[in-house]
Amino acid sequence: MEDVKWWQSGVIYQIYPRSFQDTNGDGIGDLPGIIRRLDCVVRLGIDAIWISPIYPSPMADFGYDVADYCDIAPIFGTLADFDRLIIEAHSRGVRVILDFVPNHTSNQHPWFLESQSSRDNPKRDWYIWKDAGHEGGLPNNWLSHFGGPAWEWDETTKQYYYHSFLKEQPDLNWRNPAVKQAMYDVLRFWLDRGVDGFRVDVLWMLIKDDEFRDNPVNPGYVSSESSYKQLLPLYTANRPEVHEIVAEMRAVLDAYPDRVLIGEIYLPIEELVTYYGRDLKGAQLPFNFQLIQTAWNASSIAEIMDKYEAALPPGAWPNWVLGNHDKARIASRIGVAQARVAAMLLLTLRGTPTIYYGEEIGMKDVPIAPEQVQDPAEKNQPGLGLGRDPERTPMPWDGSLLAGFTTGTPWLPLGPDHASANVAAMSKSPESLLNLYHRLIELRRGNPLLTYGAIEAVGVEGNVLRYERRQGNDRLAIALNLGHEPVQVSLPAGRVLLSTHFGGGGEDIDQSLSLSANEGIIVQPKV
Ligand code: NOJ
């Protein structure tokens with residue numbers, strides 16, 4: 001068998017730390033909480049956890065505004081808790097991936113406070129400062145992801161600074177070698193503490209045009225979208241020079257054995273795959289969000305499978321993501337019944353799967369009343385459905401009043417169904433989605449074809465998506481009914497290894513089989 005790394009054969013699980021497990025009654029999850037639930041993560045079969053930011057932060061963007069890259073926010077714990085988490089996770093064979101947020105800091109970061117203090121401060125050039133444009137206006141037309149212009153006026157030094165996101169998140173100047181060195185030292189700080197890798201926030205946005213050219217107007221813009229979409233981010237993202245930085249980050253990681261660099265990159269497939277880098281010396285896993293962005297039907301999914309596989313550079317390792325803390329939850333997007341099919345798809349595709357916490361129990365977006373809104377994306381542009389609170393709500397662990405998440409007041413409301421849809425209840429129900437995830441991961445671990453096998457024979461028959469995983473003469477056939485009606489499918493004669501509906505496991509089938517509504521199966525054909 002080829003030399004396959006843990007981040008290739010393993011399953012990654014994203015933890016949104018505020019919502020995983022609270023241990024001190026403040027209603028916000030913390031590091032001791034993650035430690036407390038590690039055994040649950042292990043029982044599910046997870047190989048690595050990626051933890052969204054846990055650094056000191058004013059929390060203007062819930063941790064994506066970092067005020068100190070080398071410490072832990074008191075609400076989450078201490079560096080000692082973190083060290084304990086590494087030991088506890090590693091002793092269970094679980095790797096720990098941190099979120100690295102290099103594009104911007106908090107405006108409370110000492111670097112920015114210095115940079116802002118005067119035009120001749122040595123850190124002035126650590127951020128992107130520009131004089132006012134024509135007649136005292138903005139330097140150019142660049143827009144913030146969270147609404148409005150991306151430029152904020154600084155009255156003291158009479159210049160604008162650039163922020164891709166909130167004005168409380170000024171962008172670092174990645175053209176400055178001192179910034180790069182400082183940030184690579186941050187990576188080393190955590191690598192030395194035993195971190196196994198990083199998920200890099202908005203990796204494709206690190207470099208902006210050095211001529212500050214206006215972004216072109218987006219002809220496809222519709223007013224129900226975020227105002228950010230009015231322009232195409234031609235000069236503010238995916239600039240050619242960014243690849244040099246990705247390669248440098250990778251080189252920092254490569255000085256340590258067996259680490260992984262994952263990039264958050266929202267780009268079309270042909271651009272996304274360039275982030276594997278020259279000679280595959282870029283990100284090992286540029287996150288593939290196609291399953292989040294594609295319409296949920298057999299032909300669209302078949303199309304992205306083919307397109308993605310064809311676009312991968314030789315030797316590049318694929319990966320698939322179903323959901324994250326920025327997007328509506330899969331069970332809300334496609335319904336609870338299809339969430340089972342989605343689980344089977346994610347865990348039988350070729351490449352590293354990433355599961356967002358709560359997907360395994362079918363967590364849905366939780367309605368957030370206006371007075372409960374936390375997310376600045378919603379506060380800044382209300383009513384457009386941009387808020388991300390619904391997919392960030394506390395994990396329901398058991399059927400108790402506060403779901404075993406906290407003894408205090410949860411920072412976001414629990415889902416209305418938490419009394420029944422929780423980890424404890426679903427572990428006891430053999431046919432639950434949680435047990436399906438468990439069985440799928442177990443099957444993936446036990447059957448090398450699901451790791452090493454090529455994806456072949458991708459086909460669509462009505463609402464049914466079919467494909468095979470093949471290596472030499474060995475193969476597995478997968479058929480997923482993405483429709484809500486039963487269907488008859490022809491499949492190679494063989495044995496059913498697993499159905500999303502559990503019935504039929506171990507059964508022999510002969511060429512043709514009926515799939516229930518929303519059913520997927522994995523078949524081992526007769527040799
Ligand atoms: C992407 C993160 O996933 C999102 O949550 C955050 O708001 C922005 N980057 C800014 O850091």
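This is a predicted model: local features need pLDDT of at least 70, side-chain atom pairs count only at pLDDT 80 or more; totals for chains, interfaces and linings use all residues.
**View 1. The shell of residues around the ligand.** The ligand has 13 residues around it, and those that come nearest are Asp61, Asp201, His325, Asp326 and Arg388. Sorted by class, this shell holds seven charged, four nonpolar and two polar residues.

**View 2. Polar side-chain atoms at the ligand.** An N or O atom in the side chain of Asp201 is 2.7 Å from an oxygen atom of the ligand. For His104, a polar side-chain atom lies 2.9 Å from a ligand oxygen atom. For Arg199, the distance from a polar side-chain atom to an oxygen atom of the ligand is 3.0 Å. On its own the ligand has 290 Å² of accessible area, of which the protein covers 97%.

**View 3. The largest pocket, in which the ligand sits.** This pocket holds about 1200 Å³ of space. Its lining consists of 41 residues, with His145, Tyr228, Lys229, Tyr266 and Lys327 nearest the centre of the pocket. The lining divides into 19 nonpolar, 12 polar and 10 charged residues.

**View 4. The second largest pocket, with about 290 Å³ of space.** Of its 19 lining residues, Trp7, Gln8, Arg250, Leu280 and Gln284 are the closest to the centre. Helix H1 (6-9) and helix H7 (242-254) are the elements that give two or more residues to this lining. H7 provides the largest share, three residues. By class, the lining of the second largest pocket has nine nonpolar, seven charged and three polar residues.

Definitions and conventions
Residues are numbered from 1 along each chain as its sequence is written. Side-chain values use heavy atoms; hydrogens and water are left out. A residue is near a molecule or strand if one of its heavy atoms lies within 4 Å of it. A polar contact is a pair of N or O atoms within 3.5 Å; within protein, one must be able to donate a hydrogen and the other to accept it, and residues adjacent in sequence count only if both atoms are side-chain atoms. Accessible areas come from the Shrake-Rupley method with a 1.4 Å probe; for residues, only the protein chains shown count as cover. On a 1 Å grid over the protein atoms alone, a cavity is a set of points where a 1.4 Å probe fits but cannot get out, and a pocket is an open set with protein on both sides within 12 Å along at least five of seven lines; lining residues have an atom within 4 Å of a point. A molecule sits in a cavity or pocket if more than half of its atoms lie within 2 Å of its grid points. Ala, Val, Leu, Ile, Met, Phe, Trp, Tyr, Cys and Pro count as nonpolar, Asp, Glu, Lys and Arg as charged, and the others, Gly among them, as polar. Grid points are joined across faces, edges and corners, and a volume is the space filled by probe spheres set on the points. Helices (H or I, at least four residues) and strands (E, at least two) are DSSP runs, numbered from the N terminus.
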